[in-house]
Structure formats: structure tokens, C-alpha cells
Amino acid sequence: MRIGILGTGTLARGLARAWAGHDVVIGGRSAAKAEALAAEVGARAAAPADAAREADAVLLAVAWEGVDDMLGLAAPPPGTVLIDPVNAVEHGVGVLLPPTSAAEHIAATAPGTHVVKAFHLFPAAQWTSGTAVTVPICGDDERALATVSALVTDTGSQATVVGGLSSARQLEEVAGFVINLAFRGVDPQSAVPRVA
Ligand SMILES: NC(=O)c1ccc[n+]([C@@H]2O[C@H](COP(=O)([O-])OP(=O)(O)OC[C@H]3O[C@@H](n4cnc5c(N)ncnc54)[C@H](OP(=O)(O)O)[C@@H]3O)[C@@H](O)[C@H]2O)c1
């Protein structure tokens with residue numbers, strides 16, 4: 001697959017490494033950072049709009065505060081499979097910042113794209129850890145969900161579709177809950193029931 005990665009930070013690095021068998025194109029607001037990361041992970045660098053064009057999937061790996069700016073720079077064309085891993089939460093307490101889900105905000109800001117919420121719940125190191133987890137994802141387009149499920153498989157884990165994009169708020173609240181517990185010094189896995 002050809003994968004566009006928008007962003008040059010920790011998550012961009014982790015998933016670029018996990019998807020090393022693909023044609024990965026990295027675009028950041030800083031061309032120098034995109035070139036440095038691309039050289040590090042064996043990918044190509046391009047301007048955000050070029051990274052987002054003709055990609056089988058595009059990962060929006062930027063901070064919540066930069067989402068609108070990056071979507072403006074990249075302008076992903078209608079039909080793009082747009083992966084949203086964004087945690088739009090208040091640092092330390094996990095309270096969600098936008099009134100709607102970040103995923104629905106992204107879908108409204110990039111009209112015609114097929115947004116899939118994915119990769120938001122685990123730390124970036126997960127994707128090259130070799131340990132399999134279940135990755136809950138949601139979205140409204142079956143083809144986009146299949147594409148993202150395949151990309152989850154490429155990280156050594158498996159995706160589970162939990163619903164349409166209207167389920168994104170629930171997935172984002174789970175991340176907020178996990179972040180809240182973690183900052184309180186509690187292992188989040190100890191706070192959910194084990195269901196047979
Ligand atoms: N790291 C994780 O373990 C993890 C796990 C799950 C989800 N996430 C989510 O993934 C996203 C990226 O996280 P990260 O850890 O990779 O963050 P990071 O290392 O801080 O990188 C943030 C990226 O966002 C870019 N950015 C910030 N403001 C921008 C703006 N106004 N316009 C364009 N680009 C902007 C930064 O560009 P500059 O370098 O030029 O500032 C950088 O490329 C976040 O939404 C985060 O919630 C991260």
C-alpha cells in the first residue's frame with residue numbers, strides 16, 4: 001500500500017516503522033523534520049498535500065491543536081481513507097476537549113474523506129513491540145475499515161470494528177479514562193473487568 005503519514009512525531013515514527021514494508025510518504029509542517037524522519041525509517045518525504053494525494057490510507061499523526069492546520073496544508077481529497085489516532089484530551093485528567101468527537105470534527109473538516117478512528121488507545125511503542133493486542137476501530141465506510149484493519153494486522157495485532165463513526169466519542173472517552181487512571185498511578189488494566 002501507499003501510506004501517507006502527516007506528522008513527524010512519536011506516533012508517526014512508531015507506525016512508519018511498523019509499516020516499513022509499504023510505500024510510506026511522510027509530510028510534516030516542517031520539511032526538515034519530515035526528511036529526517038523519512039531517512040531514519042526508510043520512507044520518502046513530501047509536502048503534506050503530496051503525502052496525502054493518491055494514498056491508499058493517510059494517517060493524521062498530529063496533536064489535536066494542529067489538526068485543522070494540517071488538514072488545511074494536506075487537503076486530503078474526497079475518498080481518502082483518513083486514519084484518526086488523535087487524543088484530544090486535557091493533559092493529566094483525560095477530559096475530552098472538543099464538544100463532538102475529534103473523529104467527527106476531522107470528518108467535517110475534510111469533507112468526502114472516509115475517517116476511521118484507530119491507533120489512539122495504545123502508546124506508539126506498541127506498534128513495534130511484537131505483542132498482539134485488540135485494536136478497536138470505527139468508521140462509516142466498509143472499504144476504509146477493511147484497509148485500516150489490514151494495516152492493524154501489519155503491526156502484529158488485530159482490529160475489531162465497534163461501530164460507525166458515531167462510536168468515535170466512546171472510543172475517545174476510553175482513552176481519556178485510561179489517561180486519567182495512568183496519571184493517578186493506577187494500571188488501567190486493573191480497573192476493567194475480565195469478561196469470559
Ligand atoms: N505518542 C503516542 O504514544 C500516541 C498514542 C496514541 C495517540 N497519539 C496521538 O497521535 C497524535 C500525535 O502524537 P505524537 O505523540 O506523535 O505527538 P508529537 O510527538 O508531539 O508530534 C506532534 C506532531 O504534530 C505536529 N503539529 C503540532 N501542531 C501542529 C500544527 N499547528 N500544524 C501542523 N502540525 C502540527 C508536530 O509538528 P512539529 O514537530 O513541527 O511541531 C508533530 O509532527 C496526537 O494527536 C496524539 O494524541 C499519540
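This is a predicted model: local features need pLDDT of at least 70, side-chain atom pairs count only at pLDDT 80 or more; totals for chains, interfaces and linings use all residues.

An oxygen atom of the ligand is 2.9 Å from a polar backbone atom of Thr-8, where a polar contact is a pair of N or O atoms within 3.5 Å. Arg-29 places a polar side-chain atom 2.8 Å from a ligand oxygen. For Asn-87, a backbone N or O atom lies 3.0 Å from an oxygen atom of the ligand. On its own the ligand has 900 Å² of accessible area, and the protein covers 76% of that; such areas come from the Shrake-Rupley method with a 1.4 Å probe.

Residues are numbered from 1 along each chain as its sequence is written, and side-chain values use heavy atoms, without hydrogens or water.

Which residues come nearest to the ligand? Of the 20 around it, they are Leu-11, Arg-29, Lys-33, Val-62 and Ala-124; a residue counts as near if one of its heavy atoms lies within 4 Å. By class, this shell has ten nonpolar, seven polar and three charged residues, with Gly counted among the polar ones and Asp, Glu, Lys and Arg as charged.

Note on methods:
A polar contact is a pair of N or O atoms within 3.5 Å; within protein, one must be able to donate a hydrogen and the other to accept it, and residues adjacent in sequence count only if both atoms are side-chain atoms.
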